[in-house]
Amino acid sequence: MQSNKGFIKAIVLILIGLAVLKYAFHIELKDILNSQVVQSIWSIIKTIFNLIWNILLIALDFIKTILSSAKSFLEGLNK
């Protein structure tokens with residue numbers, strides 16, 4: 001239960017911060033998220049994530065191939 005206190009506190013602080021932005025400074029979160037700068041940064045983040053994901057998939061495929069070859073080699077030794 002203790003760990004939930006910090007999480008709930010963070011959520012409440014974020015909501016208060018968003019309310020202050022909206023009512024005190026007339027800043028909409030939707031406008032910020034739709035801005036060109038945020039869209040460009042999000043595009044870069046997605047590209048980097050896709051690159052890392054593809055590298056991991058290639059590495060996993062390589063490991064599967066190596067393990068399959070090793071298994072075939074070891075089975076050949078047992079015959």
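Author: Buried means under 20% relative accessible area, exposed over 50%, and partly exposed in between, with a 1.4 Å probe and protein chains only. Of the 79 residues in the protein chain, 0% are buried. This is a predicted model, in which local features need pLDDT of at least 70, side-chain atom pairs count only at pLDDT 80 or more, and totals for chains, interfaces and linings use all residues. Residues are numbered from 1 along each chain as its sequence is written, and side-chain values use heavy atoms, with hydrogens and water left out.

Reader: How many helices and strands does the protein chain have?

Author: Helices (H or I, at least four residues) and strands (E, at least two) are DSSP runs, numbered from the N terminus. The protein chain has 3 helices and 0 strands. Its radius of gyration, taken over C-alpha atoms, is 25 Å, well over the 12 Å from the globule rule (2.2 Å times the number of residues to the power 0.38), so the chain is more spread out than a compact globule. The C-alpha trace spans about 80 × 40 × 10 Å along its principal axes.

Reader: How is a pair of aromatic rings described?

Author: The distance of the centres and the angle of the planes describe such a pair. Rings of Phe, Tyr and Trp (its six-membered ring) pair if their centres lie within 6.5 Å; planes under 30 degrees apart count as stacked, over 60 as edge-to-face and the rest as tilted. The whole structure holds 1 aromatic pair. Phenylalanine 49 and tryptophan 53 form this stacked pair, at 6.4 Å centre to centre with 15° between the planes. Both residues lie in helix α3 (residues 36–78), 4 residues apart.
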